[in-house]
Amino acid sequence: MKLQEIIKEENLVYKRTPLMTDNVLSYCPGCGHGTAHRIVMEVIEEMGVQDDTIGIAPVGCSVLAYDFMNIDMVQAAHGRAPAVATGIKRTWPDKFVFTYQGDGDLAAIGTAETIHACNRGENITIIFINNGIYGMTGGQMAPTTIEGMKTSTSPYGRDLQLMGNPLKITELVAQLPGTYFVARHSVHNPAAVRKTKRAVQKAFQIQKERKGLAFIEIVSNCNSGWKLPPVKANQWMVENMFPFFPPGDIKVDGELVKKE
Amino acid sequence: MAKVIGAIVVDTERCKGCEVCVASCPMQVIELSKEVNGKGYHFAYMAQPDACIGCANCAIVCPDGVITVYKVNKRA
């Protein structure tokens with residue numbers, strides 16, 4: 001069978017969603033941000049709510065998310081995306097509101113906004129990309145940098161005696177009564193992408209049913225910041241990040257998942 | 001037995017040559033080309049077109065969404 005016979009509209013299996021614009025993504029080759037953007041846009045397209053969705057872009061690598069997502073977007077001050085989302089959601093309770101934040105935005109400067117929005121139980125969705133580093137500014141140590149991880153400001157690895165402990169913000173917000181669904185996933189291989197997509201679908205469904213706040217952490221690579229090629233960065237992430245940030249559901253239907 | 005024949009189309013000018021699709025292909029269909037695109041990246045292409053089963057694994061992990069997948073079920 002010739003290639004021209006296969007490549008026809010009726011045989012189409014997968015195509016980039018039209019909710020991603022034609023702009024070339026500004027991310028480094030292999031960065032998980034692009035996959036995460038696409039997952040969120042695919043879920044919005046499948047639900048058919050692109051006209052009623054408002055996204056909040058953070059400060060960080062994904063500050064230009066409004067250039068890539070073909071929906072209404074607001075870009076908030078550093079770390080303040082959950083506060084802006086609260087205002088928008090309370091003004092228009094029928095709109096779908098989500099924030100898309102990195103770890104420097106959500107877990108460092110925006111810790112107060114994150115914790116209070118989660119504790120109030122605002123009916124929004126928070127997508128949190130955790131790569132353990134400040135990627136945009138040159139790979140400095142972030143609150144989520146794991147023990148022993150080398151960054152440009154911890155060149156001998158993170159020393160817990162000197163630099164303190166890494167922050168598991170996802171486990172922290174799961175303890176708050178306001179959160180309804182909390183999960184951690186990744187986008188490093190096809191199976192992980194499918195799981196992440198199901199979690200994002202669930203999160204938007206929860207928002208539709210007005211049950212409470214859904215918080216999804218996506219553990220991602222930062223191959224430029226980690227100084228590794230993309231495929232090796234994904235392997236490093238599985239070997240080193242997953243023991244500290246294990247993927248899976250943390251809180252489902254308002255109840256903490258018991259660890260066995 | 002029905003045989004599945006797949007094919008991918010890579011938007012070579014948007015491809016950044018990260019190799020994530022190469023690592024996730026179960027049939028080792030994809031490789032990076034020796035040529036480069038306008039930005040100097042070695043783009044992905046189908047090196048073994050006959051082996052493709054149209055599973056779309058490459059397309060769903062592609063960070064830049066440059067891969068389009070087609071599939072035909074052919075009765076032998």
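Me: Why is B:Ala56 called buried?
Reply: In this predicted model, B:Ala56 has a relative accessible area of 6%. Buried means under 20%, so B:Ala56 qualifies with its 6%. The residue is found in the loop between β3 (42-46) and α2 (57-61) of chain B.

Me: Where is A:Arg210 found, and what is its phi?
Reply: A:Arg210 is found in the loop between α9 (190-208) and β9 (213-219) of chain A. Its phi is positive, about 55°, although A:Arg210 is not a glycine.

Me: What makes a space in this structure a cavity, and how many are found at 30 Å³ or more?
Reply: A cavity is a set of points where a 1.4 Å probe fits but cannot get out. The search of the whole structure finds 4 cavities of 30 Å³ or more. About 90 Å³ lies in the largest cavity. Of the 14 residues that line the largest cavity, B:Cys15, B:Cys18, B:Cys21, B:Cys62 and B:Val66 are the closest to its centre.

Me: What classes of residue line the largest cavity?
Reply: Its lining has 10 nonpolar, 1 polar and 3 charged residues. Cys and Val count as nonpolar, so the residues B:Cys15, B:Cys18, B:Cys21, B:Cys62 and B:Val66 belong to the nonpolar class.

Me: Which residues touch the most other members of the largest nonpolar core?
Reply: Of its 64 residues, these are A:Met41, A:Ile44, A:Phe98, A:Phe181, B:Ile8 and B:Ile67. Another core, of 21 residues, lies apart from it and includes A:Ala76, A:Ala81, A:Ala85 and A:Ala107.

Me: How do you know that A:Phe98 and A:Thr125 are in contact?
Reply: Contact means heavy atoms within 4.5 Å. Leaving aside neighbours within four places in sequence, the contacts of A:Phe98 include A:Thr125, A:Met41, A:Ile44 and A:Phe204. A:Phe98 also stands opposite A:Thr125 in β5(A).

Me: What makes β3 and β11 of chain A edge strands?
Reply: The open sheet of 8 strands has the order β3-β2-β4-β5-β9-β8-β10-β11 (chain A), with mixed pairing. β3 and β11 (255-256) each pair on one side only.

Me: Which residues of helix α4 of chain A are buried, and what covers them?
Reply: In α4 (residues 81-91), the buried residues are A:Ala81, A:Pro82, A:Ala85, A:Thr86, A:Ile88 and A:Lys89. An α-helix has 3.6 residues a turn, so residues three or four places apart point the same way. The cover includes β2 (53-57), β3 (72-75), β4 (96-102), α6 (111-120) and α9 of chain A.

Terms used: Residues numbered from 1 in each chain as written. Chains lettered and ligands numbered in written order. Predicted model: local features only at pLDDT ≥ 70, side-chain atom pairs only at ≥ 80, totals over all residues. Heavy atoms only, no water. 1 Å grid on protein atoms, 1.4 Å probe; cavity = no way out; pocket = protein on both sides within 12 Å on 5 of 7 lines; lining within 4 Å. Points joined across faces, edges and corners; volume = space filled by probe spheres on them. Core = buried A, V, L, I, M, F, W, Y, C linked by side-chain atoms within 4.5 Å. Buried < 20%, exposed > 50% of the residue type's maximum accessible area, 1.4 Å probe, protein only. Helix = DSSP H or I, 4+ residues; strand = E, 2+ residues; numbered from the N terminus. Pairing = 2+ DSSP bridges.
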